[in-house]
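Colleague: I would like to learn how to read a structure like this one, feature by feature. Could we go through it together slowly?

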Amino acid sequence: MKILVIQHKMIGDVLISSLLCKNLKKAFPTATVHYLVNSNTLPVLENNPFIDELIVFNEKKNKGLLKLIRFSKEVNKNQYYIVIDAYSKIQSWVNVFINQATKKISYKKSGRTFLYTDNVIKHTQPESHLGLAIEHRLALLKPLGIEKPLATEPKLYLTDKEIEKAKNSLKEHLVNLNRKTVMISLLGSDESKTYPLDKMAQMVDFLGLNYDINILFNYFPSQKNQAKEVYDQLSAETQSKIYFDLLGGDLRSFIALANECDLIIGNDGGAINMSKALGKKTFIVFSPWIDKNVWATFEDGINHTSVHLKDYFPEELKGLSNKKIKKQADRFYALLEFNLFKEKLRKFLNLHLK
């Protein structure tokens with residue numbers, strides 16, 4: 001039996017949807033599981049023992065309906081028995097429509113139900129600490145009789161060589177290995193998902209002035225100027241604890257470095273999701289337009305906790321769609337002062353650093 005799982009787009013989505021592959025292999029050990037993902041997300045799937053083959057979608061090469069149809073016809077040649085569409089947008093709709101699988105599963109959406117044999121209704125409130133992002137994906141397994149998932153946590157798989165390389169990198173940068181290490185998720189995927197840099201500096205300075213720790217900044221080389229903008233606002237004491245140029249040269253190197261950290265703090269995004277998949281403890285500052293119920297995965301107030309503008313000023317966001325909030329992200333972010341959640345962060349840090 002061949003099964004195809006589809007998840008286009010971002011790293012966090014692809015990592016979480018890899019849970020479907022793991023559950024399918026555990027439930028049907030003799031099945032062959034293929035995972036269709038965008039090419040930029042491949043590093044988070046390396047060495048995953050629950051994926052038999054990766055079907056790689058290159059967004060630039062397959063741009064346009066005709067190319068998408070051609071790609072989908074090639075995928076259909078694998079003769080899948082089951083297709084699970086965890087993306088459920090036009091890129092996957094074309095693929096599902098062309099695919100001749102006996103069973104096709106996705107979320108129930110108006111005007112698209114004819115594409116699937118099973119349409120799963122999304123619930124609006126989390127039913128567990130897993131969060132809606134995970135609960136919704138696991139619900140896609142129910143039409144296959146998997147009512148109780150056998151795995152609920154996405155995982156990343158590092159090699160011994162990658163781990164050793166990261167450890168050597170820490171030594172080369174003279175990181176104090178007697179102290180705990182905190183990684184800062186300094187920047188979001190875009191400005192609308194990035195806590196204002198002056199407020200981020202306040203948060204980082206709070207860490208540096210109150211805790212004897214190592215601090216790593218997570219940023220791309222192209223974002224160095226923004227990272228420097230935060231660094232320049234910090235006290236000399238905090239700056240002395242930051243290893244500013246200690247970066248992973250690529251995504252796998254970042255994952256290996258994150259594996260050497262104890263905590264990750266900062267903006268929601270791929271870095272946070274990858275760190276959770278490594279078993280790291282997290283404190284997240286959510287963008288005002290992101291639905292915390294969906295992405296606050298494993299939220300227990302102890303190992304994983306977060307803050308959102310809605311926690312403090314729910315009336316400001318009442319009746320507004322995420323799209324409208326996103327257009328005014330700067331205005332709403334301005335309301336989320338660091339002092340609002342400083343004590344919550346202190347409690348988290350005291351629990352894990354002292």
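Colleague: Is Asp212 buried or exposed?

Modeller: We judge this by relative accessible area, where buried means under 20%, exposed means over 50%, and partly exposed lies in between, using a 1.4 Å probe and protein chains only. At 55% relative accessibility, Asp212 counts as exposed. Please keep in mind that this is a predicted model, in which local features need pLDDT of at least 70 and side-chain atom pairs count only at pLDDT 80 or more, while totals for chains, interfaces and linings use all residues. Residues are numbered from 1 along each chain as its sequence is written, and side-chain values use heavy atoms, with hydrogens and water left out.

Colleague: Which side chain does Asp212 meet in a salt bridge?

Modeller: Side chains of opposite charge can pair when their charged atoms come close. The term salt bridge is used here for a side-chain nitrogen of Lys or Arg within 4 Å of a carboxyl oxygen of Asp or Glu. The partner of Asp212 is Arg179, at 3.2 Å from N to O. This pair links distant parts of the chain, 33 residues apart: Arg179 is in the loop between α5 (160-172) and β7 (180-185), and Asp212 is in the loop between α6 (197-210) and β8 (213-218). The element names come from DSSP runs, numbered from the N terminus, with helices (H or I) having at least four residues and strands (E) at least two. Arg179 counts as buried because its relative accessibility is 17%.

Colleague: How many salt bridges does the structure hold?

Modeller: The structure holds 16 salt bridges. One of them joins the side chains of Asp52 and Lys25, at 2.9 Å from N to O. Here too the pair links distant parts of the chain, since Asp52 sits in the loop between β2 (32-38) and β3 (53-57) and Lys25 in helix α1 (residues 11-27), 27 residues apart. Asp52 is partly exposed at 40% relative accessibility, whereas Lys25, at 15%, is buried. The side chains of Lys155 and Glu153 also form a salt bridge, at 3.6 Å from N to O. In that pair Lys155 is partly exposed with a relative accessible area of 32%, and Glu153 is partly exposed at 38%.

Colleague: Which residues are linked in a network of salt bridges?

Modeller: Such a network is formed by Glu46, Glu162 and Arg252.

Colleague: At what angle do α2 and α3 pack?

Modeller: To compare helices we use axes, which are lines fitted to C-alpha atoms over the stretch in contact, and angles that run from 0 to 180 degrees between N-to-C directions. Helix α2 (residues 65-76) and α3 pack at about 50 degrees, with their axes 9 Å apart. The contact (heavy atoms within 4.5 Å) includes Leu65, Leu68 and Phe71 of α2, and Ile90, Val94 and Ile98 of α3.

Colleague: At what angle do α5 and α9 pack?

Modeller: α5 and helix α9 (residues 251-259) pack at an angle of about 70 degrees, with their axes 9 Å apart, so α5 is roughly perpendicular to α9. Glu162, Ile163, Lys165, Ala166 and Leu170 in α5 meet Arg252, Ser253, Ala256, Leu257 and Asn259 in α9.

Colleague: Where is Lys199, and what does Lys199 touch?

Modeller: Lys199 is found in helix α6 and counts as buried, at 6% relative accessibility. Setting aside residues up to four places away in sequence, Lys199 touches Tyr333, Ala334, Leu336, Glu337 and Phe338.

Colleague: Which residues does Ser275 touch?

Modeller: Ser275, placed in helix α10 (residues 270-277), touches Ala258, Ile264 and Lys280, again not counting residues up to four places away in sequence. At 1% relative accessibility, Ser275 counts as buried.

Colleague: Where does Ala101 lie?

Modeller: Ala101 lies in the loop between α3 (90-98) and β5 (103-107), and at 8% relative accessibility Ala101 counts as buried. Leaving aside neighbours within four places in sequence, Ala101 is in contact with Tyr80, Tyr81, Ile82 and Val83.

Notes: Angles under 35 degrees count as roughly parallel, over 145 as roughly antiparallel, 65 to 115 as roughly perpendicular and the rest as oblique.
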